Amino acid sequence: MSRPRIQINLTDEKRVYRPGDVLVGQYVIDNPGEQRIHAIEASVIWMTVGKGEEDMGVHFFDRQKGPFEVNHWNLPRKFSTVLPRSPFSYDGMMIRVRWAVRVRLFLEAESEVTEELFFRLGNVDSILGDLSG
Amino acid sequence: MRPWSSWLLSSQKALSRSKRGWWAGVTIAVLASLLILVGVVWLAASVTLFTVSSGGESGYMTVPFFILQLLLSMAMIGIGTYLVMISMWKVSASVERRGALISQATEFDLLKDLRGLREQMPTVPTNSIAPTQGLVLGYRLHASRRNLWGLVGAAIVFVVFVGLAAALVIVTYNKVSLQLGDYSSGALAIPFLIAAVWSFGYFLRQLLKLTSIGPTELEISDYPVVPGKEYQIQLSQSGRLRIQLLDVTLVCYEEATFKQGTNIRTEKKAVYSQRLFRRRGINVDTNSSFQTQFDMMVPEGAMHSFNSDSNRVQWKIEIYGQAKGFPRVRRSFELIVMPHDLGPEPTSRLRSHEKV
C-alpha cells in the first residue's frame, strides 16, 4: 500500500533567518493513495539533538481535523509565523539546537507520516576557537 | 620581656596585620570544627550510654542527667556551627556589602529588567543570584554558592561518621568494662573511626579552602552581556594573605543530562575559554584589597546562554586563586549572554501565530 508523501517549501527559499523574520511556507500532500487522513498537524519547532535528552519547544502549531475530501488533499496549505528571539540554531560539541517545520499526518490504523524541513535561526558560529585561552 | 600574646599582636615584623587576621580566621575555623567534633562525640556518647543503661539493670544515667548532657552537647554543636557561619560570612561578603546589608540599603535589582526579557526568551536563563548595583562599574556579579553547599555536605558526612564511630566506641567500651567477651562492635568501630578522622579532615580542609582567600568581587560595565561587545571588568580581591596566583578566565560550558541505564547522568564540557587576567604574587592586606580592571568580550557570533530541561549552554567568569599551603580555590560567576541579534521589538508577535 502506498503511503502519502509530504512536501514542505519555504516561500523565500532561504534557510537562515533572523529573529523577527516572517517564516512563510506551504506544504502539499502527494500520493495519498487509498488511506484516509484523520488530521494534519503543522508546527514550527526547535529541538535539541546530541548527548542530552531531546528537548523541544513549539513556536507555532496548527491542527486540521479530517476527514478530508480526496480532491482537497493536493491543495497547498500555507503557514506563516514571526520567528522568536531565541533559541538560536547552534552546532556545539555536545548540544545542537535545530529549528524545523514539521508536518505530521495522522492516518487510519493509527499510523503517521512525518516530514521535517530544517532551517536556521540566527547566525551563531559553530566553533569559536581553541581552548588555549 | 613582653608576654607572648602582646608580641604576637603588636610585632609588625614578626607577624603582619594581614597575617594576624588570617591566623585569627584559621583559629576560629579550627576552634569551631573542634567544638562541633566534641559536641557530636558527646551527643553520640550520651545517647548511646543512655540507650545502653536504660536497656540494662545498671541505670547509671538518669533522665535529667541525660537531658543535661544532651543540651550541653547540642549547645557545643550550635556554637561551633555559629562560629563557622560567622567565619563564612566574613570571607564571603566584603565590608561594604556587609554594611550595606546591615543598614538595609536598597540594592538595585536587575531581575526586574531581566524578567521582561525572560518572557520574550524563555530559553535564555536569568542569574540564579541576581546582580546588584556596582560600586565602581555598573553591575556587581555574585559568585556561585556551590562551594558553600560542598561545605554543608562535608559537615553532614562528618557529623554522621563521627556520631556513628563515637557510638560504636562507647558500646565497645561498655562491653569491655562488663567483660562480655563480644568485641564485634569494636571491629565495626575501626572503619567508622577511620572514616570519622577522614571526614573531620575533609570538613576542615573545605572550611579552610573557603576561608583561605578572602571575598572576590566582580563588577561589569554593562549587563546582560551581548556577544561582540567589549565590557570592562573590575576585580576586587580582599583577604588576609599573599596570593601566589590569581587567574581569571571566561569559559563557555555545554551541559547535557541523559539517561544511562537506570541512572541519570550529567556531562559538562568546556567548549570555549579565554584568559582575561593572570598575576602571580599578590599581597592582599585587610585594609586594602587588590583591585584591577581588564576588558572582556564574548566572541561575536557566540551562542547565547541557553537552558532547556536537559541541555544548557552556560557562560561563566571563573577565578582560580592559589594561596600558600592551601588547595586551589575556584570561584565562579555566572554570566548571562544574550543573543547577539534580537531583531525588531516584538510588538505584534502574537498575531503572527495565526495561520494564513
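How many residues of chain A are in contact with chain B, and how many of chain B with chain A? The counts are 38 residues of chain A and 47 residues of chain B, with contact meaning heavy atoms within 4.5 Å.

This is a predicted model: local features need pLDDT of at least 70, side-chain atom pairs count only at pLDDT 80 or more, and totals for chains, interfaces and linings use all residues. Residues are numbered from 1 along each chain as its sequence is written, chains are lettered from A in the order in which they are written, and side-chain values use heavy atoms, without hydrogens and water.

**Interface**

| Item, chain A and chain B | Value |
|---|---|
| Buried area | about 3,700 Å² |
| Part on carbon and sulfur atoms | 58% |
| Salt bridges | two |
| Residue pairs in polar contact (both at pLDDT 80 or more) | 18 |

Buried area is the accessible area (1.4 Å probe) that two parts lose on being put together, summed over both. A salt bridge puts a side-chain nitrogen of Lys or Arg within 4 Å of a carboxyl oxygen of Asp or Glu. One such bridge joins B:Glu267 and A:Lys51 at 2.9 Å, N to O.

**Chain A sheet**

Strands here are DSSP runs (E, at least two residues), numbered from the N terminus. Three of them make an open antiparallel sheet, ordered β1-β3-β6 in chain A. β1 (5–10) and β6 of chain A are the edges, each with a single partner strand, so one side of each lacks a neighbour in the sheet. Strands pair if DSSP finds at least two bridges between them. β3 (residues 22–30) of chain A and β6(A) pair over six bridges. There, A:Leu23 stands opposite A:Thr81 in β6(A).

Terms used: A polar contact is a pair of N or O atoms within 3.5 Å; within protein, one must be able to donate a hydrogen and the other to accept it, and residues adjacent in sequence count only if both atoms are side-chain atoms. Helices (H or I, at least four residues) and strands (E, at least two) are DSSP runs, numbered from the N terminus.
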